[in-house]
Structures are given as structure tokens and as C-alpha cells.
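This report examines selected features of one protein chain. Please keep the sequence and the three-dimensional view at hand while reading.

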Amino acid sequence: MAGTVHVVGAGLAGLSAAVSLVEAGRRVIVHEAAKQAGGRCRSYYDPTLGLTIDNGNHLLLSGNTSALGFMKTIGAPADALTGPAEAEFPFADLKTGERWTLRPNAGRVPWWVLAASRRVPGTKASDYLAPLGILKAAAGKAPGQGGTIGEAMACEGLLYDRLWHPVLIAALNTEPKESDVGLAATILRETLGAGGAASRPLVAVAGLSAAFVDPAVAYLIRRGTEMRFGHRLRSLTFGEGGVTELVFGDETITLGADDAVVLALPPWVAAEVLPGLAAPQAYRSIVNAHFAVVPPPGSPLLLGVVNGTTEWLFAYPDRLSVTISGADRLLDVPREDLGKQIWAEVSTLCGLAPELPRWQIVKEKRATFAATPAEAARRSGAETAHRNCVVAGDWTATGLPSTIEGAIRSGTTAAHALARSTGGCAQARVRGAA
């Protein structure tokens with residue numbers, strides 16, 4: 001098929017779709033409203049800190065096969081992701097001062113729960129059976145139809161407070177009790193429930209742009225993809241054959257019979273330009289705090305924190321960064337008050353001076369869709385009512401919550417859906433099975 005595919009949006013979903021389409025032999029043009037690619041997963045220089053930071057701290061796991069496959073395809077640096085040699089998750093309790101390290105074994109049979117030194121202090125092996133209720137409740141159910149995590153397992157007790165709550169809220173960005181059981185089940189099946197080999201934590205210590213965005217853009221340009229930045233889509237024109245025109249601020253592009261469109265836009269934007277599109281309507285925020293302090297020697301790359309405002313502490317080479325999920329309660333807290341409050345916890349955890357260093361607070365009001373059953377049921381598939389138009393994004397029906405893995409998987413899925421709906425390149429090699 002000789003037509004051009006216009007990918008609108010150069011976040012990870014759009015970049016993933018573009019890479020998949022180029023791999024399949026399609027001519028691709030990428031349109032992005034911003035002056036750079038990456039969307040919500042990119043790096044930028046912050047003058048207050050005097051450092052380059054990510055606009056959100058992100059943790060990947062070794063079981064994130066779509067993300068790792070994408071990085072391999074685009075030729076990302078081998079050291080773009082850093083993590084321990086085996087799955088291990090250090091934790092600290094700010095209330096009691098206790099510290100421990102959760103160490104799942106590599107295989108699927110979780111014998112590690114039999115070893116007290118690998119478990120959460122004060123818990124017994126049988127306590128770790130609770131998530132089986134999540135898998136049982138989600139089995140055979142359509143998205144949003146399995147109920148909430150709170151209905152599937154007891155959301156209380158020592159193990160919940162010290163393990164399941166911090167892990168689940170980080171993955172879902174929604175209070176676990178009200179979160180969709182199906183989304184949690186996918187996370188368990190693909191990573192935590194698949195053993196330590198699939199649960200090793202990985203962090204882009206040199207930045208998300210260096211790991212994902214820059215290599216993807218370079219890959220696409222090498223293969224003849226045109227990247228148009230500062231090119232905001234205003235509207236679509238429709239005809240009997242599907243989308244007929246893309247209307248941008250400075251030009252209108254008329255689509256040929258073999259041309260097609262991938263809309264890799266935030267859900268509220270996609271729903272505006274594509275009337276009738278099913279999309280989530282409720283969102284949850286994330287707060288990130290960054291401190292221009294070199295971490296003390298021996299600091300863990302990632303530290304889970306309980307009984308504090310801080311939830312996860314990242315030790316980058318040039319800074320300490322904190323992520324707080326489901327953070328709607330903190331949106332109205334003054335930034336300086338929040339910075340002082342979080343630094344008081346970080347300095348205690350790291351044994352640092354209490355004086356506040358250079359800091360930055362980043363509040364993402366609509367960081368992810370709310371991972372509730374109602375919102376999970378509103379997620380759209382890749383295909384739309386228009387033959388030559390598909391959608392991609394971590395908010396689409398990937399089976400996962402809003403994650404890097406979900407965003408990249410959605411791009412591959414959109415490329416497959418476009419091949420099916422247009423009848424072109426059906427036998428071409430498209431990266432990764434959807």
C-alpha cells in the first residue's frame with residue numbers, strides 16, 4: 001500500500017505507532033503540537049534546579065516486554081535502563097523507622113514467601129495469598145465488569161499497608177479499594193505474579209528522553225519519516241470513506257484514498273476531534289518533587305516509603321526525586337509547604353541536613369485516567385467508526401493502567417488495527433504482536 005499514514009501526537013504511543021508502521025513498510029508523517037516529542041514522558045531542563053529532569057518519575061519492570069522490545073527496535077542505549085541484578089524492593093517505614101527489602105525469587109513458583117528474610121517484617125507466608133482474589137474476580141470478565149479490588153481482597157492489615165497498597169497505587173494511580181480489579185490482575189499476571197525475573201525494577205537514570213524519545217525520533221528520521229513539530233491538529237473532516245482532511249492551524253491536508261490517520265492524543269483531545277469516541281472522563285493526579293542533592297553513597301535506586309507523604313524515592317545520580325500517586329489531595333497545598341514537608345521526610349530517610357536545598361514541585365493534574373471500573377469500561381479500542389482512522393494512547397483498551405508499557409503497546413495495536421481496517425500491509429512485519 002503506497003499511501004501515507006499521518007500519526008498525530010508524538011508521545012510514546014504515537015512514536016510506537018510510527019515505528020511499527022515504518023517497520024511494516026508504510027510512509028509516515030508525525031505531527032506534534034509541541035516543539036518536541038515525548039508528551040508526558042520526556043526530559044527537560046529545569047532552571048530552578050539547574051538540572052535536567054523528567055516530567056514524571058517512571059518505574060519499569062523487566063516483564064514490560066512491549067517497552068523493552070520497543071527500545072531494542074529503535075536502538076536505545078544498552079545502559080538506558082538501570083536496576084539491580086535481581087528483583088529487590090527496599091522499603092522504609094517513616095513511623096517506626098523499620099527497613100526491609102522484598103526479594104522475590106526469579107521463578108514463577110513463589111517460594112520466597114516461605115523465607116522470613118525475603119518477606120515484609122511481621123507477615124507470614126499465608127498472608128501473600130490475598131491477591132489470588134484479584135485474579136479470580138477478573139477471570140473471564142470484560143473490562144470494568146469484574147468489580148473493584150476492595151471487593152476482591154481485604155484492603156487492610158500490615159501486608160496491605162506495607163506492600164499491596166504502595167505497589168497497587170503506584171501502578172494504578174488510583175486508591176486500590178476503588179480500582180478496577182481487571183487492571184490489577186493484568187499487572188499481577190505480567191510482572192509481580194510472574195516471578196522475580198519479570199519484576200526486576202528498571203529506571204531511566206539518564207532520563208526518559210535518552211531512553212525512549214530521542215532514539216525513537218532518530219530511528220524514524222533515518223527511515224525517512226517526516227517530523228512536524230509545532231503542528232497542532234484543530235479538527236478532522238469526514239466523508240463517506242472516513243477521514244478526508246486533517247485541519248491544522250496553518251494548513252489543511254487532504255487525504256488520498258490510501259492515506260490513513262493514527263490519533264495518538266490525550267483522551268479529552270481525541271474525543272473532541274473525533275465525536276462519538278469512547279474515552280475516560282475522570283482522571284487522577286501525580287505529584288513529583290525534585291531536590292538538587294547528590295544521593296548519599298549506597299542509596300538504593302528506588303525506595304518504597306510507608307506512613308509518610310512520600311511514596312517512592314528515586315536516587316538519580318544528580319538528585320533525589322519523590323513520586324506521590326493518587327495525589328488529588330495535594331493539588332491545593334502550596335508548593336513551598338509541600339516542598340518542605342517532603343524534604344523533611346527525605347532528609348530523615350537519607351540522613352541529610354534538614355535545610356531545604358534547591359527544589360521543584362511538579363503537579364500533574366490529569367496524569368492518568370482514574371483506574372476505576374467505570375473508567376476502565378469507557379476505554380476505546382484502537383479501531384474507530386472510520387475505516388482509515390485508529391487511535392492510540394495509554395488510555396485506550398490495552399488491558400493495562402496508564403503506564404509506559406501500555407502507551408507503547410497501544411501504538412503497536414493501532415498499527416495492527418490500521419492494517420486490518422484498510423486491508424493494506426496485512427502480511428507485512430509489524431513489530432510485536434498486539
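## Salt bridges

Asp-93, Glu-98 and Arg-162 are linked in a network of salt bridges. The model is a predicted one, and a search of the whole structure finds 13 salt bridges.

One of these pairs is formed by Arg-228 and Glu-251, whose closest N and O atoms are 3.0 Å apart. Arg-228 belongs to strand E9, while Glu-251 sits in the loop between strands E11 and E12, so the pair ties together parts that are 23 residues apart in sequence. Arg-228 counts as partly exposed because its relative accessibility is 21%, and buried would require a value under 20%. Glu-251, with a relative accessible area of 31%, is also partly exposed.

## Salt bridges within helices

In helix H9 (residues 335–350), Lys-340 and Glu-336 lie 4 residues apart, about one turn of the helix. Their side chains meet in a salt bridge of 3.7 Å, N to O. An α-helix has 3.6 residues a turn, so residues three or four places apart point the same way. Lys-340 is partly exposed at 46%, and Glu-336 is partly exposed at 45%.

Helix H11 (residues 404–422) holds Arg-409 and Glu-405, again 4 residues apart. The closest N and O atoms of this salt bridge are 2.7 Å apart. Both Arg-409 and Glu-405 are buried.

## A buried charge without a salt bridge

Glu-364 lies in strand E18 (residues 359–369). Glu-364 is buried yet has no salt bridge; Arg-40, the nearest side chain of opposite charge, is 4.7 Å away. A polar contact of 3.5 Å does join the side chains of Glu-364 and Asn-288.

Strand E15 (residues 302–306) is mostly covered, with 5 of its 5 residues buried. In a regular strand the side chains alternate between the two faces of the sheet. In E15, Leu-302, Gly-304 and Val-306 are buried on one side, and Leu-303 and Val-305 on the other.

E15 pairs with strand E6 (residues 89–93) in the parallel sense over 3 bridges, and Phe-91 stands opposite Gly-304. With strand E16 (residues 312–316), E15 pairs in the antiparallel sense over 3 bridges, and here Leu-302 stands opposite Phe-314. The hairpin of E15 and E16 has 5 residues between the strands, and in this hairpin Asn-307 takes a positive phi near 60°.

## Helix H1

Helix H1 (residues 12–23) is mostly covered: 12 of its 12 residues are buried. Just after H1, Gly-25 takes a positive phi of about 90°.

Conventions
Residues are numbered from 1 along each chain as its sequence is written. This is a predicted model: local features need pLDDT of at least 70, side-chain atom pairs count only at pLDDT 80 or more; totals for chains, interfaces and linings use all residues. Side-chain values use heavy atoms; hydrogens and water are left out. Buried means under 20% relative accessible area, exposed over 50%, partly exposed in between (1.4 Å probe, protein chains only). Helices (H or I, at least four residues) and strands (E, at least two) are DSSP runs, numbered from the N terminus. Two strands pair if DSSP finds at least two bridges between them. Lys and Arg count as positive and Asp and Glu as negative; His and the chain ends are not counted. A salt bridge is a side-chain nitrogen of Lys or Arg within 4 Å of a carboxyl oxygen of Asp or Glu. A polar contact is a pair of N or O atoms within 3.5 Å; within protein, one must be able to donate a hydrogen and the other to accept it, and residues adjacent in sequence count only if both atoms are side-chain atoms. The expected span of a helix is 1.5 Å times one less than its number of residues.
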